Amino acid sequence: MADDPNAWWREGVLYQVYPRSFMDADGDGVGDLRGVIDRLEHLQWLGVRGIWLSPVTVSPNADFGYDCANYRDVDPSLGTLSDLDELIADATRRGIRILLDIVPNHTSIDHAWFKESRTSRDNPKRDWFVWADPSADGGPPNNWVSTFGGPAWTLDATTGQYYLHNFLPEQPDLNWWNEEVRDAFDDIIRYWFDRGVAGFRVDVAHMMVKDAELRDNPPATSEDSFMDQMRGQLPLYNSCRPEVHDVHRRWRTIAESYSPPRLFVGETFVGKVEDVLAFYGDGDAFQLNFNIPFAECPLEATALRTTIELTESIIPVGCTPVWTGSNHDLSRFPTRWAGGDPLLARCALMMLLTLRGTCFLYEGDEIGMVDTEITREQVLDPVGIKFFPYAGRDPERTPMQWSGEPGGGFTAGAAEPWLPFGDLSCNVADQRHESDSMLSLCRDVISLREALPDLRAGAYVSLDSPTDVLAYRRGERIVVAINLGTEPEAVEGIRGEIRCCTDRSRDGEKIEGVLSLAPSTAAIVLLAR
Ligand code: GLC
């Protein structure tokens with residue numbers, strides 16, 4: 001277990017549950033909290049230390065939970081507050097902490113705060129959101145574009161002003177310059193901490209505070225990232241404002257007032273590793289921050305080594321990197337990184353689980369679930385509806401594949417699942433019985449990590465290796481080598497024993513100087529003393 005009980009997350013593997021797609025206990029085709037309770041045994045067996053639950057609060061689901069209409073209650077389609085209390089209690093008994101997802105950048109258009117705010121210009125809640133007069137030509141107040149495309153402003157006829165939404169028009173942005181908004185969220189955070197929640201994943205943490213003067217964003221150039229070029233502008237004034245760190249530090253102070261301290265994990269969806277690191281502050285802001293530039297790096301040894309080394313070299317002393325390959329917004333790594341090749345997916349999983357820091361798995365990563373093809377008629381994600389044939393994020397949100405039976409072990413009901421099933425031949429029930437499965441590999445590496453302090457906590461050092469091999473030492477005695485190329489390769493100067501190989505027939509093999517690796521093969525070696 002964790003060496004420091006106050007930092008249980010530091011060396012642990014955490015697991016993201018997307019509740020609508022995890023397990024449907026009431027048979028209506030949508031996953032729910034009782035379903036998560038029913039499947040806790042799987043997560044305990046797998047060895048994860050915590051669960052990040054994507055939003056379970058009340059939502060009209062314009063963006064499937066990420067448009068919140070009440071921050072203090074559970075959405076009826078997912079269950080009740082007492083189901084959530086029971087989930088927290090049951091998980092805690094199993095040694096698993098629960099993190100909720102908090103969405104502070106914006107509410108739902110149906111939230112009581114916004115309903116009040118839009119009634120008149122002098123309503124007491126008016127300033128809780130970002131309202132501005134039309135520009136001289138009657139158009140939006142500035143040139144900001146929404147992350148989901150189109151202008152970031154919508155004119156509200158009642159009062160003749162525009163409101164800001166960095167995402168859908170159904171997701172009005174809160175005004176984080178307003179002290180009452182800050183106080184309201186302090187209370188919401190304490191409300192959940194007092195209920196036993198171990199922490200929060202903070203949605204769109206980087207965007208919460210906007211430029212007070214609402215200045216125009218500069219145009220993107222051909223030098224800028226793909227995302228910025230798509231957007232046509234650099235999100236200089238509606239993202240990553242320096243003042244956002246004050247809010248995060250304030251939240252950290254609340255977290256530290258609990259025993260053990262509660263955890264904040266920032267969703268810091270930024271383009272460069274350097275930009276992620278600011279969210280750690282001087283170790284006084286969020287304890288963990290997602291490293292999206294790593295997830296977006298190609299599965300190539302040189303590119304990965306560069307990104308990992310950069311992360312390791314510039315992260316503030318004492319802070320912990322986060323490694324993740326998939327989530328509910330990103331194409332699943334067995335598809336995106338591995339192109340559907342199961343051997344490469346195993347290599348990627350081994351990398352995620354053996355880098356220094358906190359690893360987040362997304363439901364289905366442990367069995368190598370790939371993205372599911374979604375037709376135009378099936379698309380539900382507003383981003384997919386807008387940009388089809390890009391199907392948005394539904395391909396990575398299809399139901400968890402628990403078994404090959406009809407209903408996939410996901411639902412016992414006759415109702416169709418809310419999104420179609422992927423290939424049910426890839427499922428938990430079958431893989432649990434196969435010692436050579438991705439699921440067994442995942443569980444075995446997690447348990448090795450718990451058993452070997454060097455693998456769990458040892459410093460990261462890159463090792464010299466052939467171009468297509470990513471190789472590193474962890475602590476004094478662990479070497480991990482991953483051949484991502486198409487030719488057999490060899491890493492020299494290794495003496496010890498393979499403790500786990502993606503080719504399981506090699507587990508236990510003695511290495512007397514040269515570690516040979518077939519293409520798409522990875523191994524963890526315990527060095528001889
Ligand atoms: C985050 C969520 C994503 C959501 C967006 C707006 O990026 O992960 O699913 O659409 O915020 O809330």
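Entry 1: I looked up D83 and found it buried, with a relative accessible area of 11%. My cut-offs: buried is under 20% relative accessible area, exposed is over 50%, and partly exposed is in between, using a 1.4 Å probe and protein chains only. The model is predicted, so local features need pLDDT of at least 70 and side-chain atom pairs need 80 or more, while totals for chains, interfaces and linings use all residues. Residues are numbered from 1 along each chain as its sequence is written, and side-chain values use heavy atoms, without hydrogens or water.

What does the side chain of D83 meet in a salt bridge? The partner is R34, at 2.7 Å from N to O. D83 sits in helix α3 (residues 81–93) and R34 in helix α1 (residues 33–38), so this pair ties together parts 49 residues apart in sequence. I count a salt bridge when a side-chain nitrogen of Lys or Arg is within 4 Å of a carboxyl oxygen of Asp or Glu. Helices are DSSP runs of H or I with at least four residues, strands are E runs of at least two, and both are numbered from the N terminus. R34 is partly exposed, at 33% relative accessible area.

**Entry 2: other salt bridges.** I searched the whole structure and got 33 salt bridges. I then checked R504, which pairs with D444 at 2.7 Å between the closest N and O atoms. R504 is in the loop between β17 (489–501) and β18 (510–517), and D444 is in helix α15 (residues 438–451), so the pair links parts 60 residues apart in sequence. R504 counts as buried at 16% relative accessibility. D444 counts as partly exposed at 28%.

Next came R393, which forms a salt bridge with D381 at 2.9 Å. R393 lies in the loop between α13 (382–387) and α14 (428–432), and D381 in the loop between β13 (358–362) and α13, so the pair ties together parts 12 residues apart in sequence. Both R393 and D381 are buried. They also belong to a salt-bridge network with D63, D329 and R397.

**Entry 3: the ligand.** Which residues come nearest to the ligand? Of the 14 around it, these are D63, D203, E267, H328 and D329. A residue is near if one of its heavy atoms lies within 4 Å. D63 and D329 are also in the salt-bridge network.

I listed polar contacts, meaning pairs of N or O atoms within 3.5 Å. A polar side-chain atom of R201 is 3.0 Å from a ligand oxygen. For D203 the distance to a ligand oxygen is 2.9 Å. For a side-chain N or O atom of D329 it is 2.5 Å. The protein covers 96% of the 310 Å² of accessible area that the ligand has on its own. That area comes from the Shrake-Rupley method with a 1.4 Å probe. By class, I find four nonpolar, three polar and seven charged residues in the shell.

**Entry 4: backbone.** I found a cis peptide bond joining S259 and P260, with omega about -5°. P260 is in the loop between α7 (244–256) and β10 (263–266). The bond from F388 to P389 is also cis, with omega near 15°. P389 is in the loop between α13 and α14.

N61, not a glycine, has a positive phi near 65°. N61 lies in the loop between β3 (57–58) and β4 (70–74). C240 has a positive phi near 55°. C240 is in the loop between α6 (226–231) and α7, and counts as partly exposed at 33% relative accessibility.

Key. Polar contact = N/O pair within 3.5 Å; in protein donor to acceptor, adjacent residues only side chain to side chain. Nonpolar A, V, L, I, M, F, W, Y, C, P; charged D, E, K, R; others polar.
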